[in-house]
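Keep the structure open while reading.

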Amino acid sequence: MDSDTISLITQIIWLAIFILLITGLNQKIQMRIWAMDIRNKLNIIKRIIDEDRMRVEKIISNLGYKTPAVLVDRVLDFFVIEPVGIEPTDIIKRLDHTLRTGEGTLRRFIENSLPNVGKFERSLIETSMEILSGLNLIYKVIRHYLLTGERENNWILLMQLELVMPTIMKYVETYHMALDPFTTGKPIGDSLGPLVVYNLVEKSKMLSKRVVDDTSIIEAWLEDRRVLFVKAEGPGSNVGHPGAVINSLVEELKGSVDLIITVDAALKLEGEDTGSIAEGVGAAIGDPGPEKIAIERAATKYNIPLRAIVVKMDYREALTVMRKEIFESSLKAMEHVLRLIREETKPNSTVIVAGIGNTIGVPL
Amino acid sequence: MSYLDPYTVFTIILVIILIVYMFMETKKKPARVEYVTRELLVCYSCGFQVERDHEPGDFIGLVKGKCPRCGGDLKIKGIYSVDKSKILKAG
């Protein structure tokens with residue numbers, strides 16, 4: 001090839017680039033590439049949903065329900081509308097009412113369809129369907145933005161979607177992986193709080209146990225103190241209502257509580273080690289609001305010190321089978337709780353220790 | 001025989017490097033860690049501990065067999081996932 005030919009090819013390439021730039025065709029080509037990539041990922045999400053749906057339907061049919069698809073379809077598009085936020089009066093009461101109604105409705109759907117199934121199995125099906133519903137929502141939202149972007153030639157929308165897709169895929173994969181513990185009943189990373197409480201109960205002299213509002217209250221004697229342990233009733237998939245229960249416990253004791261400790265899993269920042277423990281002040285609970293505010297109100301009303309212990313983990317570790325590092329940290333967190341009780345209270349004091357999180361795989 | 005000028009050679013090399021780089025970038029995937037579920041059994045009498053594969057239906061607190069050291073009850077203390085490559089298999 002002589003230099004004239006090469007020069008001609010170079011000129012043509014530059015001319016083509018120039019034409020692409022001034023006509024905006026390059027953006028259209030880029031848009032097509034993005035749309036293609038998003039569509040491929042959307043197909044992966046669809047495959048995951050189909051696979052998970054088949055798995056859930058199989059479990060339901062094994063429990064004796066003849067038309068699992070009907071039940072799954074009903075739950076898949078179930079929604080909860082948030083209360084009005086611009087009028088703050090009673091927002092917590094309204095939010096609590098809405099969340100509890102949603103929770104109860106979903107439970108009744110399953111109870112009515114599977115009347116002979118035990119509490120443990122029902123809770124697993126309930127959470128599995130919630131996971132499926134979450135995946136379905138992600139799929140529908142992505143599809144909506146993809147089709148809107150393509151129809152309106154909105155390349156900025158497609159670009160944003162393309163950039164956010166790797167993060168969304170990570171969430172989808174996490175949800176997909178979370179189906180395993182929720183169909184087999186293994187503890188997850190978020191079960192850390194209930195596991196710490198379970199181990200503390202094992203260490204103490206248990207006096208009584210009762211269940212209120214899906215939440216266990218265990219009265220025990222530990223380190224010469226009267227300790228009231230609060231955790232979601234296990235071993236099913238359940239988060240209980242620890243806030244409301246702590247509030248009523250404090251009222252029941254007329255405020256004579258010397259310390260409230262909450263133990264929970266917390267999302268770590270990038271760079272932090274999985275299983276690292278941190279101590280602080282406040283209510284360690286990640287609910288939408290009603291439970292947390294109930295603990296804060298009870299502690300504030302009677303001036304009770306509110307201490308928190310958290311164990312760090314990422315989103316995936318919180319929702320999938322508990323990692324060994326997190327299990328080992330639960331034992332260290334237990335020692336932290338014992339140290340806090342010894343340091344902050346005198347013998348014969350009354351202490352509330354709440355293990356916050358989903359108690360799947362953790363009994364009591 | 002005509003020789004290519006340095007500018008053309010440079011451009012061709014640059015294009016080849018770019019293609020190879022793009023190919024490698026698309027092929028690059030993070031290493032996937034495979035996890036298996038294990039359970040820790042503890043004897044509360046003598047403190048003996050053993051880690052085994054998780055079996056369906058097992059739960060924390062379940063008494064599963066007798067302690068080989070003292071004959072006490074072996075209880076499941078924890079169920080957790082472990083990186084498969086880090087498990088030492090006997091034999």
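This is a predicted model. Begin with two strands of chain A: β4 (residues 259–267) and β6 (residues 306–313). They pair in the parallel sense, over eight bridges. In general, strands of a sheet pair through backbone hydrogen bonds, either parallel or antiparallel.

Now widen the view to the sheet. It is open and has seven strands. Across chain A the order reads β1-β2-β3-β7-β4-β6-β5. The pairing is mixed. At the edges lie β1 (205–212) and β5 (277–281) of chain A, each of which pairs on one side only. From one strand to the next, the twist averages 20°.

Turn next to the helices. In chain A, helix α2 (residues 25–62) packs with helix α5 (residues 119–151). The angle is about 160°, and the axes are 10 Å apart. Angles over 145 degrees count as roughly antiparallel, and therefore α2(A) and α5(A) are roughly antiparallel to each other. Their crossing is left-handed. What residues make up the contact of α2(A) with α5(A)? They divide into 17 nonpolar, two polar and six charged.

Finish with a single residue. A:Ile22 is found in helix α1 (residues 3–23) of chain A. Is A:Ile22 buried or exposed? It has 9 other C-beta atoms within 10 Å. A residue with 12 or fewer counts as exposed, so A:Ile22 is exposed. For a sense of span, take A:Ile22 and A:Pro363: they are 341 residues apart in sequence. In space, C-alpha to C-alpha, A:Ile22 and A:Pro363 are 67 Å apart.

Definitions and conventions: Residues numbered from 1 in each chain as written. Chains lettered and ligands numbered in written order. Predicted model: local features only at pLDDT ≥ 70, side-chain atom pairs only at ≥ 80, totals over all residues. Axes fitted to C-alpha atoms, helices over the stretch in contact; angles between N-to-C directions. Helix = DSSP H or I, 4+ residues; strand = E, 2+ residues; numbered from the N terminus. Parallel < 35°, antiparallel > 145°, perpendicular 65-115°, else oblique. Left-handed = near helix turned anticlockwise from the far one by under 90°. Nonpolar A, V, L, I, M, F, W, Y, C, P; charged D, E, K, R; others polar. Buried ≥ 20, exposed ≤ 12 C-beta atoms within 10 Å, placed from the backbone. Pairing = 2+ DSSP bridges.
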